[in-house]
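The entries follow in the order I looked things up.

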Amino acid sequence: MAEQKIRVAVAGASGYTGGEVIRLLLDHPQVELAFLSAERSAGTPVGAVHPWLRNHPGAAGLKFRPLAELEDVDPIDVAFGCLPTGTLPARLPLLAERAKRVLNLAGDFRLRDAGEVEEFYPKTAANPPADEFAYYIPELSDGVPESRFINLPGCMAVATIYALYPLFAQGLVDPAVVVDAKTGSTGGGRGGSEQPAERSGNFRVHKLHGHRHTPEIRQALAEFTGAAPDLRFSTHSLDVPRGIMVTAYSTLKEGVAPLDVKRAFAKAYVGKPFVRVRPAPKAPQDFPMLKAVVGSNVAEVAIAVKGDQCVSVAALDNLIKGAAGQAIQAMNLVSGFEESAGLPRTAVSP
């Protein structure tokens, strides 16, 4: 007898993240893609909007529909929110009514502090949810959330958290931390305003102060480790389509040895299939790099210590481990599936 599949809806399925959710779920053995919404592309075949999906046999016949038509379909087990930040709050009542569980990939419900929500997510502040969203990182959260509503972390935020969590969890570093995060062009979404000619062959500042992932990183590290960093977080734009590289600079507390740092990272990620600690990197190619992770649901991390100075590095694919893949990993865990179901571990190269 064939194993029963769960019914999945993707709201905002025409963007880069929504397209990656579809691509990965097309090969998930326990999922039926029951509903895909995209207002401006309603009625359009999925392969016409995402040409890289048009040759998959599972995509044949799939078309986008207006989200309002979710009322007309059978109940959904899991709904993925891939809508632009600020869009979901007004549409949440419908998703909450029709889906047993909602996983949101946008930033709407990540922050707890009302003042920070007002500053960084004003559209969300104007339309707060009736139900609280659990902030969930598969590798760090304690068990499966009881809430029907889950918000996944931001891509640059989660890369930074992977780089810093072991240091703060074991109390190894001073609070002051400097983080330099670099991201590919898909980090701005399909509707990004930057012209390709301005990005091609270029490397530029994105935001040096006030990035909205900054309070999220502080909040997450405080919740998961009990210690909030004094964080200086800056971002830059890479001339690549996808991928994130984070470099975090911290100062070890007195008496902390390199071996303590190595043990902290090993302890933090032992048994975590999608966060890989690079063993004692020596040559540049031994460290995390985009070519080793892009196309996979794997984040690579590594550390280098000299005296009391610690540099920790993390790399991941912003559209997979930083978004779609991470959300499917969460879906697997909350649904009782194998954590790695439908998720790639190998990168794409060259």
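**Entry 1: Arg 112 and its partner.** I looked up Arg 112 and found it partly exposed, at 38% relative accessibility. This is a predicted model, and I keep that in mind for every entry. The side chain of Arg 112 meets that of Glu 223 in a salt bridge, 3.4 Å from N to O. I noted that this pair joins distant parts of the chain, 111 residues apart. Arg 112 sits in the loop between strand 4 and helix 4 (114–120), while Glu 223 belongs to helix 8. Glu 223 is also partly exposed, with a relative accessible area of 42%.

**Entry 2: other salt bridges.** I then asked how many salt bridges the structure holds. The search gave 11. One of them links Arg 23 and Glu 20, at 2.8 Å from N to O. Both residues lie in helix 1 (residues 16–25), and because they are three residues apart, about one helical turn separates them. Is each of them buried or exposed? Glu 20 is buried at 4% relative accessibility, whereas Arg 23 is partly exposed at 28%. I also looked at Lys 182 and Asp 180, whose closest N and O atoms are 2.7 Å apart in a salt bridge. Lys 182 and Asp 180 are both buried. Through shared partners, salt bridges connect Glu 20, Arg 23, Arg 242 and Asp 317 into one network.

**Entry 3: a charge without a bridge.** I checked Glu 300, which is found in strand 12. Glu 300 is buried but has no salt bridge. Its nearest side chain of opposite charge is Arg 278, 4.4 Å away. Leaving out residues up to four places away in sequence, I listed what Glu 300 touches, including Arg 276, Arg 278, Phe 287, Pro 288 and Val 313.

**Entry 4: the cores.** Next I turned to the largest nonpolar core, which has 42 residues. Ile 161, Tyr 162, Leu 164, Leu 167, Val 179, Val 261 and Tyr 269 touch the most other members. Several elements each supply at least two residues of this core, among them helix 6 (155–169), strand 7 (173–183), helix 8 (213–225) and helix 9 (258–269). Which element gives the largest share? I found that to be helix 6, with 12 residues.

Entry 5: I traced an open sheet of six strands in the order 2-1-3-4-6-5, paired in parallel. Strand 2 (31–37) and strand 5 (134–135) are the edge strands, each pairing on one side only. Between strand 4 (residues 99–104) and strand 6 (residues 149–151) I counted three bridges, in the parallel sense. Leu 103 has Ile 150 of strand 6 as its bridge partner.

**Entry 6: the cysteines.** I searched the whole structure for disulfides and found zero. For Cys 155, the nearest cysteine sulfur is that of Cys 82, 13 Å away. Cys 155 counts as buried at 16% relative accessibility. Cys 310 is buried as well, with a relative accessible area of 1%.

Notes: Residues numbered from 1 in each chain as written. Predicted model: local features only at pLDDT ≥ 70, side-chain atom pairs only at ≥ 80, totals over all residues. Heavy atoms only, no water. Core = buried A, V, L, I, M, F, W, Y, C linked by side-chain atoms within 4.5 Å. Buried < 20%, exposed > 50% of the residue type's maximum accessible area, 1.4 Å probe, protein only. Helix = DSSP H or I, 4+ residues; strand = E, 2+ residues; numbered from the N terminus. Disulfide = S-S within 2.5 Å. Lys, Arg positive; Asp, Glu negative; His and termini not counted. Salt bridge = Lys/Arg side-chain N within 4 Å of Asp/Glu carboxyl O. Contact = heavy atoms within 4.5 Å. Pairing = 2+ DSSP bridges.
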